Every structure is written in C-alpha cells, then in structure tokens.
Protein chains: 2
Amino acid sequence: MTEITKISIDAMGGDHGPSVIVPAVGLALQRHSHLHVVLVGQNDVLAPLVKKYQLPLDRVTLHPASQVVDMDELPSLALRHKKDSSMRVAINLVKDQTVQACVSAGNTGALVATSKFVLHTFPSIDRPAIISAMPTISGGHIHMLDLGANIDSTARQLFQFAVMGSVLTEAVENIPRPRIGLLNVGQEAFKGNAQVKEAAQLLAATKEINYVGFVEGDDIYKGVVDVVVCDGFAGNIALKASEGIAKLISGRIKEEFNRGIFSKLCGLIALPVMHRIKHRLDPAQYNGASLLGLQGTVIKSHGGANVKGFAQAIEEAVIEARKNVPHRIGEKIEQLMKELPTHGQ
Amino acid sequence: MTEITKISIDAMGGDHGPSVIVPAVGLALQRHSHLHVVLVGQNDVLAPLVKKYQLPLDRVTLHPASQVVDMDELPSLALRHKKDSSMRVAINLVKDQTVQACVSAGNTGALVATSKFVLHTFPSIDRPAIISAMPTISGGHIHMLDLGANIDSTARQLFQFAVMGSVLTEAVENIPRPRIGLLNVGQEAFKGNAQVKEAAQLLAATKEINYVGFVEGDDIYKGVVDVVVCDGFAGNIALKASEGIAKLISGRIKEEFNRGIFSKLCGLIALPVMHRIKHRLDPAQYNGASLLGLQGTVIKSHGGANVKGFAQAIEEAVIEARKNVPHRIGEKIEQLMKELPTHGQ
C-alpha cells in the first residue's frame, strides 16, 4: 500500500494566483491517487474555485491565511509583517510535519528568507540554494544550482551546492554517482575566478563526489554532466539569458510564418509539427525548482507558470517528499563538511 | 574621395584557418572598394588561396609570419614563444600604423594578452574588455561587454566598461547618449553583489553617461538598453548559455521536421520560411567582437566563424577603424576616471 503524501500549497502566490493554482492542484490529484493537498490562503476565494474545478473534497483541505506576500515585496518586510501570509503558513505546515513539502509560486526572495527562518538550513549551510532541471539537446535533462538564492558564493558554498545537487540527483533521478561540473568561462584549470578554482580543488579531493571538471555556458544544454554547479549570480543570469533568447527565437519563427499568404499557408500545413516542437520546448515541463539545504522540502514554481507548469511543480514536490531529499542532504553534507580542510572558509 | 582603410588579418587563426579567411577577405574587398587588406601568415599557404578566390592583387598584401598560435595554447606561452605568429605580426602592424585595425579568429586569451602587450591599454584601464553586438526581439541589436576578458571585475572596471561601451555605441551606431544598463539578478537597488551595486552608484553620479539601471539576463534580448555592462564571468556565461539553448531549439525543430513522411513534407513546403528564419537567426551577422580599452583596434572573430561570419568581423573592423573608436575612448575614459571618487579602487 502506497503511503499518503501530503503537500501544502501557497494558493495565493504567483502572477496568476488561485485561478491557475487550484486547477493545477486538480491535475496533480488526478495524477496521484495517494496525494493529499492543503490549500493555504483566503478560504472565501479558494472555496468557490475548489468547487468549480471539482477537486475531490476528501483529498483537499482548506487552511486559512489572511495575508498575501506581494511579488515585489522586500523579503525582510514580508518576514516581519506577513506572519499570516499564505506563503508563511504553507511553510509552517512543513515545519510542524502536517505536510511533507510545500509549493509556492510567490516572491522568490521572500520564499527563500521565510523558508530559512521557519525551517532552518542544516548547520553547515548558510542559505538555501535553488536547483532546477534544465533540458538537454538529447531530449533529457540535467540539474543546475544555484539559480539565484546566493550571491558571491565562496568555494565552500560551491562545494556544498555540488554535494546537495549530487544527493538530489541520485535520489530523484536514480543516477548513482551523478557527474558534477563547475560552471566556468573555460575548461582549462587556469581559467576562472578564485572561488571556482578553489571549489574545483575541494571537489576533486572528495571521493564521494563524482566531480568531472569545468563546464561552460553552452555545456549546460549538452548533457555532459548531471549537475551544473555555479554561483547564484552566474546561474540566474544563465537561466534568464536562456529564457530571453528562447523568446527571441520563437518570436522570429512566428513573425516569419505570419509574413504573407504563402508563409501563413506553410504555417498552417506545418501546424502539427510546430505544435509538437512547441510541446517539446514548453518550459512548463521543467517548472518546479527546489530550495536545497533546508530541513524540509520547499518547491518554487515560476511566478508566471500556467496550470500545467504549476502541476509540474507539485509533481516535483511529491517526488522529493517521497524520496526524503532533505534528510539525505543533511546526512551527507554534515559528513563531508567535517572532512573538508578548514582554510579558505 | 573616400580614404583608404587598411586592415591586417591574422590569416592562420581560427578553427578553419585560411580556407575560410581568404574567401571572407574576398567578400569584404567586394563590399568596400576603398579597403586594403594585409594577409598575415604563411605565404606558401596563402598565395594559392588568394589566386583561387581571385582576390584583387592591388588591394591585398601578403605579409609573412612563420608561426601559428594554437587554439588551446596558454596565452602566456604564446606571448613568450610565438613572436613571429600571424596573430602577433597582425597586431604589430596596428602598432606601427601600417594598418588601422586587425582581425583575428584565433585563441581569445592569446589575442587579449598579445594585444595588451603590443598596443597597450589606456593608462587607467587594466585589461581590454570584449564587446559584441547581440540581437534583440524587435530585430535590432544592442552591445554587451565584457564577454570574458575580465574575471572578478571591480566597480571601477564595470564603470570603465560602461564608458567604453557608451563611446563605441555612440560612434558606431550614431546613437547619442546610449542607454546603459548593468546586468544583475534583479532590478531592485538592494539586489546584486557589492561590485554591481557600487558601479551603479558611480554610473548614476556621472552625467555624461546615460545610466538607466539594472537589467536582468532576459533583458539583454529585449532592447531596453543600448549597452549591457557586466563582469566577464557573467557575460561569457550569458553568451554561451544563449548559444547552447539556441542550438537545442534548432536541433528540436530539425528533429520534428524529420520525424515521419508527413513532417518531412511539411518541412519541404515550409522550406523557404525556414530558410528565412535561419537567415534571421544566423549568428554570423553578429560576428566580430571588439577588444576595447586598447590604443588600437583589434577585432575578434568567433573561432568557428564561416566565410560570411568572418567577413562580418572585417566589416566591424572597417567601421571601427573609420570612426577611430580607440581615440574617442581614450579621451573620454581619462577624463571621466579623473572625476571619479578615488575610494573603492
């Protein structure tokens, strides 16, 4: 008998709020018969939507929260003044073990700060890191972290990201000894900044990590490693630059198929193929980033995610909750950090 | 009467060497009747190609150089041991004012190091920065620097990049007061690392620079600014990640149009449209990065550039030589650096 997995959802977060989140929960509940969801937010808003989308009432609980964290609110202010926000209450439910994981599409900075405040990181970890799946040319995916929670990471932090990424990938993807690469501006050992070079040495000296060397920006999509490790500054910029050029390309394609009657006709004929391409490139399938290093599972959905995207973030939460990823990370990180040389802290 | 523009070409550099470079020179000479090219390299290799591609002999000079810098050679070793390399000799010709600019598709690190050694940077600049045009969604382009010559840039260096990018864009694009944005992980003032935040303050306090604020990775392609300024680490990763995802997308499109008879037929019918899309997305049209901060014009072509791409890099050299970009940068940078507060060096 499969055990029940319980997930809390910040039902008010994100650009679209409950109107996208509630139907996404419906999708996830259809997919997983042993899933139970706690919808956190304003009950008078949520109850009609639960009815509208015919969510199974025996597997959905409404949990009240009177406040909402704004998408552009300062994390420190959200932490101080929004103690009854849907985000905060959803995380509280992880803390008191009512649920095994929570999902939010809300303000990233506030989610990182609140998760850290409520759930705490493991002793040797300063701040959570954001990890997400990224598509590869061969049609698979790899994981990459940090995508923007940490700025100015030290070599030891980069080392921690590598350990956490390795543990998550091994657990979730069933890949023994995932290949770890450090994001750099070249593959030669003499290239890069001081932090990256020192992190490379720490990783190379750690047998439990399958460190394979430096990778460059275009290697992210080549699938040459299973985990790409980087500072949150570089990671966030790589991710957003990729989003930007992808939009540029899809815009060009649309423009050209709309230029004149013949092109439009070609577009119509090629429509099934274009739909398949669109489907295969749909970012929704990679939605659901995980905040690693916390003593609990918190999944961040893209703020602008659609129903399919948010459902995918719930999927990620279910998998990580079932694999008990935080527990595995806690064990590994404390062991390996003890073995590290203490200079270069 | 238009003056003659003389350009030296490292004819042995790049992944494909003279077989791509010589026909590209042919294209550039056709385009510009007042262009004269000095082809630097091994004459016994170059002479037959000059004949094969029927280059106009009155506008091409062969200049001997016995050595070639390897694509993966250590810059320091190239500098020490390859004093008669095609790259070095092509740069020497800029130094002794035989030519007004040089173009190389060779080893980037060696090109930066050799250019700096031979031509020198302006007194207040430590290392050249690499700037290149980037496409925007609206069909235009902007410029971005640094793309990888500088790692761990200070706030003052980021400020210098902004000044140089502003001068180049004003001269080459005829844009008065180009809009300058600093690449960051968010647009709010509290986000980012210490260098970026301090650079923002320096730029905001400088009236001669039209600084508009922070931009994010996806803004590169939105055309919201004319120049995106960043550390070479972030810039290189943004550029390569963009290349990587662009390859992934074009690969997916090809795969789907090759999947089964119907898709292939659609692909055939849509071929003219696909060709137009390919043409509009062709990276060759953005080839030709400039090394700014040097007392001379040096243009870096992508190592893997094709004939059209290398010809575009020559085009860039012609424009920058005619506009005398280094002279303009020299004047502006020394003036503005004097006015900067000296703390935070």
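1. Helices (H or I, at least four residues) and strands (E, at least two) are DSSP runs, numbered from the N terminus. By those rules, helix 6 of chain A is mostly covered, with 17 of its 19 residues buried.

2. Ground rules. This is a predicted model, where local features need pLDDT of at least 70 and side-chain atom pairs count only at pLDDT 80 or more, while totals for chains, interfaces and linings use all residues. Residues are numbered from 1 along each chain as its sequence is written, chains are lettered from A and ligands numbered from 1 in the order in which they are written, and side-chain values use heavy atoms, with hydrogens and water left out.

3. Back to helix 6 of chain A (residues 155–173). A:N174 follows helix 6, and its phi is positive, near 55 degrees.

4. The interface. Contact (heavy atoms within 4.5 Å) takes in 56 residues from chain B and 56 residues from chain A. The buried area, meaning the accessible area (1.4 Å probe) that two parts lose on being put together, summed over both, is about 5100 Å² between chain B and chain A, with carbon and sulfur atoms giving 71%. B:F233, B:R252 and B:R280 supply 13% of the area that chain B buries against chain A, more than any other three residues.

5. Charges across it. A salt bridge is a side-chain nitrogen of Lys or Arg within 4 Å of a carboxyl oxygen of Asp or Glu, and the rule finds two across the interface of chain B and chain A. A:E216 forms a salt bridge with B:K240, where the closest N and O atoms are 2.3 Å apart; I'd have a look at that pair.

6. A:H32. This one lies in the loop between helix 1 (18–31) and strand 2 (35–41) of chain A, and it counts as buried because its relative accessibility is 13%. A:E315 is 283 residues away from A:H32 in sequence, yet the two are 8.8 Å apart in space, C-alpha to C-alpha. Leaving aside neighbours within four places in sequence, A:H32 is in contact with A:R59, A:E315, A:V318 and A:R322.

7. Helix 9 of chain A. A:L265 lies in this helix and counts as partly exposed because its relative accessibility is 46%.

How values were computed:
Buried means under 20% relative accessible area, exposed over 50%, partly exposed in between (1.4 Å probe, protein chains only).
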